[in-house]
Amino acid sequence: MIIYHGSNVVVEQPKILQSERMLDFGTGFYTTSNKEQAVRWSEIVCERREPKIPVLSVYEFDFEAAKRELVIIRFDEPSDEWFDFVCNNRSGRDDETQYDIVIGPVANDRVYAVVQYYENGVYGKEEAIKRLKVDALYNQILFHTEKSLTFCRFSKSIEVGSK
């Protein structure tokens, strides 16, 4: 499977990085199988950091081998379980260490607002999930452990423009 990481630098050797922000699936190395999404993310990163050259790092992900050897959780759509998982990670309440890889929809900024409304009692879970299903949500693949990164092999980089 071909996957992408959008950034402002080429990432030949992915690393598990601790983020200062609470992210959808916890700590790790985030990728996607959607090239368009990775391009958009590289542009967002370039707005925040130097150098301002959007670039995609492209990888071969041996998903079949990973399924045999790793603990993987996969959410195919924004379900109750996905919603709880994202809410827990974004609030720092989840023990994400039980998974090597997490795959599922991206909770973008609009989704984050829905999560906040849910946590503040404005929306019930059913209403929150209904609102999330309206948007086209792209996928994200989180490599959470060093072992999981052994199934992700750098292929090439693509400069997607300059800011």
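Let's start with one cysteine: C152 is buried, with a relative accessible area of 8% (buried means under 20% relative accessible area, exposed over 50%, and partly exposed in between, using a 1.4 Å probe and protein chains only). This is a predicted model, in which local features need pLDDT of at least 70 and side-chain atom pairs count only at pLDDT 80 or more, while totals for chains, interfaces and linings use all residues. Residues are numbered from 1 along each chain as its sequence is written, and side-chain values use heavy atoms, leaving out hydrogens and water.

**The overall picture**

- The protein has 6 helices and 7 strands (DSSP runs numbered from the N terminus: H or I of at least four residues for helices, E of at least two for strands).
- Along the sequence, their order is β-β-α-β-α-β-α-β-α-α-β-α-β.
- Of the 163 residues, 44% count as buried.
- Among contacts with a separation of 6 or more, 83% join residues 24 or more positions apart (a contact means heavy atoms within 4.5 Å).

**Cysteines**

- C87 also counts as buried, because its relative accessibility is 2%.
- A disulfide is a covalent bond between the sulfur atoms of two cysteines.
- Searching the whole structure turns up 0 disulfides (here, a pair of cysteine sulfur atoms within 2.5 Å).

**Helix 1**

- Helix 1 covers residues 35-48, and its 14 residues should span 20 Å at 1.5 Å a residue (the expected span is 1.5 Å times one less than the number of residues).
- The end C-alpha atoms of helix 1 are 20 Å apart, which agrees with that expectation.
- Its buried residues are Q37, A38, V39, S42, V45 and C46.
- The cover over these buried residues includes strand 1 (2-7), strand 3 (55-61) and strand 6 (139-143).

**Helix 3 and its surroundings**

- The axes of helix 3 (residues 80-90) and helix 5 (residues 125-132) come within 10 Å and cross at roughly 95° (axes are lines fitted to C-alpha atoms, for helices over the stretch in contact, with angles from 0 to 180 degrees between N-to-C directions).
- Helix 3 is therefore roughly perpendicular to helix 5 (65 to 115 degrees; under 35 is roughly parallel, over 145 roughly antiparallel, and the rest oblique).
- D80, W82, F83 and D84 of helix 3 make the contact with K125, A128, I129 and L132 of helix 5.
- N88 is found in helix 3, and N88 is partly exposed, at 23% relative accessible area.
- The C-alpha atoms of N88 and G26 are separated by 9.2 Å, although these residues are 62 residues apart along the chain.
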